[in-house]
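Trainee: Hi, could you walk me through this one? I'd like to just ask things as they come up.
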Amino acid sequence: MELAHLPYRKGRTYEDYVGRHGLERLGKKRWRRHVADVAERLKAALEADDVVVGGGNAKLLKTLPPGARRGDNANAFLGGLRLWDDRLAHADGARRARPAVSRARPGARMTP
């Protein structure tokens, strides 16, 4: 779930504080404090098991906030697809077999 554009502080968004521009504007020390604060707020608000901290600057965190883990942005698309495609996942996380897909061309005659 992408929440970076939600309001955070002083008319700015989460992204304005924990994104690249926030790092440049605030410096590493203050940026790290905001990353920890945002992760804690998101975890509490969404009742999440963990918050995934991604992006290139995640490597600049000395320690991860409690309840956070590093994630690769390459996994974001696949995770989003799994959330919306019933053939790939259920709410309980169990995978379900994909239905068989016919390989016949549209309009082709099928012979027994």
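Trainee: How many salt bridges does the count come to?
Mentor: The count comes to four salt bridges, where a salt bridge is a side-chain nitrogen of Lys or Arg within 4 Å of a carboxyl oxygen of Asp or Glu. Bear in mind that this is a predicted model, in which local features need pLDDT of at least 70, side-chain atom pairs count only at pLDDT 80 or more, and totals for chains, interfaces and linings use all residues. Residues are numbered from 1 along each chain as its sequence is written, and side-chain values use heavy atoms, with hydrogens and water left out.

Trainee: Okay, which residue does Arg-9 form a salt bridge with?
Mentor: Its partner is Asp-37, and the closest N and O atoms are 3.7 Å apart. This pair links distant parts of the chain, with Arg-9 in strand S1 (residues 7-9) and Asp-37 in helix H3 (residues 28-46), 28 residues apart. Helices (H or I, at least four residues) and strands (E, at least two) are DSSP runs, numbered from the N terminus.

Trainee: And what else does Asp-37 meet in a salt bridge?
Mentor: Asp-37 also meets the side chain of Arg-41, at 2.9 Å from N to O. Arg-41 and Asp-37 are four residues apart in helix H3, so about one helical turn separates them. Put together, Arg-9, Asp-37 and Arg-41 are linked in a network of salt bridges.

Trainee: Why does Arg-9 count as partly exposed?
Mentor: Because its relative accessibility is 34%. Buried means under 20% relative accessible area, exposed over 50%, and partly exposed in between (1.4 Å probe, protein chains only). Arg-41 is partly exposed too, with a relative accessible area of 38%.

Trainee: Which residue does Glu-24 meet in a salt bridge?
Mentor: That would be Arg-20, at 4.0 Å from N to O. They sit four residues apart in helix H2 (residues 20-26), so the separation is about one helical turn. Both Glu-24 and Arg-20 are exposed.

Trainee: Why would side chains like that pair up at all?
Mentor: Side chains of opposite charge can pair when their charged atoms come close.

Trainee: Switching topic: which residues make up the largest nonpolar core?
Mentor: There are nine residues in it: Leu-3, Tyr-8, Tyr-14, Tyr-17, Leu-26, Val-38, Ala-39, Leu-42 and Val-51. A nonpolar core is a set of buried Ala, Val, Leu, Ile, Met, Phe, Trp, Tyr and Cys residues joined through side-chain atoms within 4.5 Å.

Trainee: Which helix gives the most to this core?
Mentor: H3 does, with three residues. Helix H1 (14-18) and H3 each supply at least two residues of the core. Apart from it lies another core, of seven residues, among them Leu-23, Trp-31, Val-53 and Ala-58.

Trainee: What does Leu-26 touch?
Mentor: Not counting residues up to four places away in sequence, Leu-26 touches Tyr-17, Trp-31 and His-34. Contact here means heavy atoms within 4.5 Å.

Trainee: And Thr-13, is that buried or exposed?
Mentor: Thr-13 counts as buried, because its relative accessibility is 17%. It is found in strand S2 (residues 12-13). Leaving aside neighbours within four places in sequence, Thr-13 is in contact with Ala-4, His-5, Leu-6, Pro-7 and Tyr-8. A polar atom of the Thr-13 side chain lies 3.5 Å from the backbone oxygen of Ala-4.

Trainee: Let's do backbone angles. What is phi of Lys-10 near?
Mentor: It is near 50 degrees, a positive value in a residue other than glycine. Lys-10 is in the loop between S1 and S2, and at 79% relative accessibility it counts as exposed. Phi of Glu-47 is also positive, near 50 degrees; Glu-47 lies in the loop between H3 and strand S3 (51-53) and counts as exposed at 71% relative accessibility.

Trainee: Why point those out?
Mentor: Because most residues other than glycine have a negative phi.

Trainee: Last one: how many helices and strands are there in the protein?
Mentor: Four helices and four strands. Read along the sequence, the pattern is β-β-α-α-α-β-β-α. Of the 112 residues, 21% count as buried.

How values were computed: A polar contact is a pair of N or O atoms within 3.5 Å; within protein, one must be able to donate a hydrogen and the other to accept it, and residues adjacent in sequence count only if both atoms are side-chain atoms.
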